[in-house]
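Thank you all for making the time this morning. Let me put the structure on the screen, and then I will walk through it piece by piece.

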Amino acid sequence: MSIEIQGVGKRFGDFVALENIDLSIPTGQLTALLGPSGGGKSTLLRIIAGLENADEGTVEIEGVNATQLPPQKRNVGFVFQHYAAFKHMTVAKNVAFGLEIRKRPKHEIKAKVAELLELVHLSQFADRLPSQLSGGQRQRMALARALAIEPSVLLLDEPFGALDAKVRKELRDWLRRLHDEVHVTTVFVTHDQEEALEVSDSIVVINEGRIEQIGSPDDLYDRPANEFVLSFLGPVTQLGDRSIRPHDIAVSPIEISSAVEGRITRWTRVGFEVRLEVTPTDPRFEDRVLVSLTRAEASGLGVGEGSLVWLRPMDGALTLV
Amino acid sequence: MIDTIVAPPEPSAPTRQRRARKGPVTYLVRLLVVAYLFLLVAWPVSLVVTHTFENGLDALRTLFEDPDIVHAMRLTVVAAVVATVINTVFGVSVSLLLVRTEFPGKRVLSALLDLPLAISPIVVGLALVLVYGGRGGWFGPTLESWGLQIIFSTPGIILATAFVALPLVIREVVPVLGEVGIEQEQAAQSLGANGWQTFWRITLPGIRWAIVYGVVLTLARSLGEFGAVKVVSGNILGETRTATLAVEESYLNFNQEGAYAIAFLLASVSVACIIVVSILRARAAGH
């Protein structure tokens with residue numbers, strides 16, 4: 001295990017940011033800390049980096065008890081949401097910073113910086129200042145800077161949070177490929193479930209200072225431990241007395257047994273997807289049911305707004321009471 | 001067709017014009033401001049220049065031939081430079097303390113730092129005499145028994161100058177330090193830099209322009225200090241008389257030409273300082 005966290009707690013005044021966190025992060029994996037804003041995931045990451053001190057508990061990095069170590073002795077690479085670029089230094093100088101602090105020989109620094117800039121596709125920008133780069137380029141520079149010190153763990157705090165949607169998606173794919181190349185133990189914080197599901201090997205869901213569930217993306221999506229994980233990892237709706245994902249509902253235009261009867265009150269077409277809103281006839285079920293179908297499925301049903309339909313969970317679909 | 005041609009091309013055009021149009025009020029306000037600045041600042045200062053050069057360069061030449069005046073100017077420069085160095089080191093440390101740390105009494109300290117701007121310099125001078133005076137001061141007699149005379153000597157002049165110019169560096173550095181934030185410093189730490197390395201390589205370059213403004217302003221203020229210095233220096237000819245005191249002395253002794261010449265030198269240094277600051281500001285804004 002690369003990072004071993006035991007009984008970590010942290011308060012800010014009366015606010016409990018983290019409560020009794022136990023977590024093991026395996027070597028060489030890409031782990032996501034996922035959860036809503038203010039849930040404590042960034043605080044946990046900062047405690048691992050030493051930028052924040054835990055009130056209680058211990059942090060072990062690569063078998064060394066790091067709880068009392070200052071950040072500069074932990075050998076972690078940290079990437080900030082807002083890049084934290086050294087504004088007065090060129091891109092190359094930024095990347096070289098950690099190596100210069102370690103007093104490595106000049107030719108070694110030069111070679112390493114060139115190699116890293118190649119890796120993050122910034123070679124032609126080596127002599128620019130950070131202010132002359134786009135957000136995505138700055139974040140790649142920050143990543144190269146963190147990797148330069150060959151950290152035992154790489155920590156990323158909402159690394160793509162400040163970027164626009166398209167760049168974010170590109171960088172996300174790129175981070176995954178980079179990790180496959182470099183294999184450094186990586187922990188990143190995100191509140192975007194799609195990002196976590198797409199990029200990471202394992203996900204730790206954190207909410208209100210506690211860990212809700214730890215598992216692979218498939219585990220969490222298909223076998224959520226509780227209602228919170230179910231609803232945080234994807235869309236969810238109420239069918240009868242159960243929670244279910246809208247794409248796990250089968251729609252029938254003819255009456256079938258053990259199904260919820262309702263009338264289609266809204267029909268929205270979004271690209272390849274059709275979203276239905278069905279109002280159950282049974283007054284006990286107050287909430288309207290959301291159903292999502294592919295365009296082909298929807299047109300095959302031969303129904304439209306105002307039609308009566310019968311809904312039931314698909315075979316093998318996940319439901320929670 | 002004719003109607004369409006006559007009609008205004010865009011509905012938004014009139015609004016744009018109205019916003020850009022300058023009414024008579026605008027011109028009146030401008031005139032007032034220019035007249036005010038001219039009567040209060042530009043005209044009096046320019047008269048100092050014309051008086052200095054009434055007889056060509058004679059006034060300045062006499063000035064530099066008088067050893068006492070040269071000594072006074074040298075003393076002013078030494079006191080101003082030393083006071084500026086002290087205030088810069090102190091100012092940067094206090095700014096770091098105010099922005100980066102939390103401690104009880106922080107607001108009181110912050111308010112206290114503005115006091116030198118609010119108190120009359122002559123009060124500063126008297127207060128320093130009370131503490132450091134050779135006879136009856138709190139520390140004065142003790143320090144004097146160690147052979148260190150403060151009042152009526154150069155250390156006193158430096159002390160008084162440093163006091164009146166105290167907040168200038170701090171007030172320039174504090175907002176910039178707050179704006180720069182701590183993320184760059186944290187990044188440096190995570191990359192292995194210790195406190196001292198972080199300060200030299202990251203914090204200091206981030207606030208360097210603010211420090212430069214602060215230093216230039218402090219220098220300008222220090223060169224021109226009069227009241228506090230007058231009290232603590234004793235105004236001894238050839239020893240503790242500074243340039244500003246020499247201006248007063250010459251003026252009172254009906255040596256108006258000499259007074260204007262020294263005043264001209266002092267004013268030109270201040271103007272040079274202001275020009276340097278505005279150039280630096282423009283350059284920093286361009287970054």
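Predicted model: local features only at pLDDT ≥ 70, side-chain atom pairs only at ≥ 80, totals over all residues.

Residues are numbered from 1 along each chain as its sequence is written, chains are lettered from A and ligands numbered from 1 in the order in which they are written, and side-chain values use heavy atoms, with hydrogens and water left out. Helices (H or I, at least four residues) and strands (E, at least two) are DSSP runs, numbered from the N terminus.

Let me start with helix α12 of chain B, residues 195-206. For burial, the cut-offs are under 20% relative accessible area for buried, over 50% for exposed, and partly exposed in between, using a 1.4 Å probe and protein chains only. Among the buried residues of α12(B) are Phe199(B), Ile202(B) and Leu204(B). Which elements do the buried residues of α12(B) pack against? They meet α2 (91-101) of chain A, and within chain B they meet α5 (67-100), α10 (167-180), α11 (183-190) and α13 (208-224), where contact means heavy atoms within 4.5 Å.

Turning to chain A, there is an open sheet of 4 strands in the order β2-β1-β4-β5, with antiparallel pairing; two strands pair if DSSP finds at least two bridges between them. Strands β2 (15-25) and β5 (64-65) of chain A stand at the edges with a single partner strand each, so one side of each has no neighbour in the sheet. Inside that order, β1 (residues 3-12) and β4 (residues 56-61) of chain A pair over 5 bridges in the antiparallel sense, and Gly9(A) stands opposite Glu56(A) in β4(A). Helix α1 (residues 41-49) of chain A packs on this sheet, touching β1, β2 and β4 of chain A, and its direction makes about 120 degrees with that of β1(A); the axes are lines fitted to C-alpha atoms, for helices over the stretch in contact, and angles run from 0 to 180 degrees between N-to-C directions.

In a regular strand the side chains alternate between the two faces of the sheet. In strand β13 (residues 249-252) of chain A both faces are covered, with Ile249(A) and Val251(A) buried on one side and Ala250(A) and Ser252(A) buried on the other. This strand runs antiparallel to β17 (residues 308-313) of chain A, joined to it by 4 bridges, and Ala250(A) has Arg312(A) in β17(A) as its bridge partner.

Next, a loop residue: Asn235(B) lies between α14 (227-233) and α15 (243-252) of chain B, and at 16% relative accessibility it counts as buried. Its side chain makes a polar contact of 2.8 Å with that of Arg241(B) and another of 3.4 Å with that of Glu249(B). A polar contact here is a pair of N or O atoms within 3.5 Å; within protein, one must be able to donate a hydrogen and the other to accept it, and residues adjacent in sequence count only if both atoms are side-chain atoms.

How many salt bridges does a search of the whole structure find? Over all chains there are 29, a salt bridge being a side-chain nitrogen of Lys or Arg within 4 Å of a carboxyl oxygen of Asp or Glu. In one of them Arg176(A) and Asp180(A) have their closest N and O atoms 2.9 Å apart, and these residues, 4 apart in helix α5 (residues 165-182) of chain A, are separated by about one helical turn. Another joins Arg171(B) and Asp114(B) at 2.8 Å, N to O, linking helix α10 of chain B to helix α6 (residues 106-118) of chain B across 57 residues.

Last, two backbone angles. Most residues other than glycine have a negative phi. Glu150(A), however, has a positive phi near 45 degrees, and is exposed at 54% relative accessibility. Ser258(A) also has a positive phi, of about 40 degrees, and is exposed with a relative accessible area of 71%.
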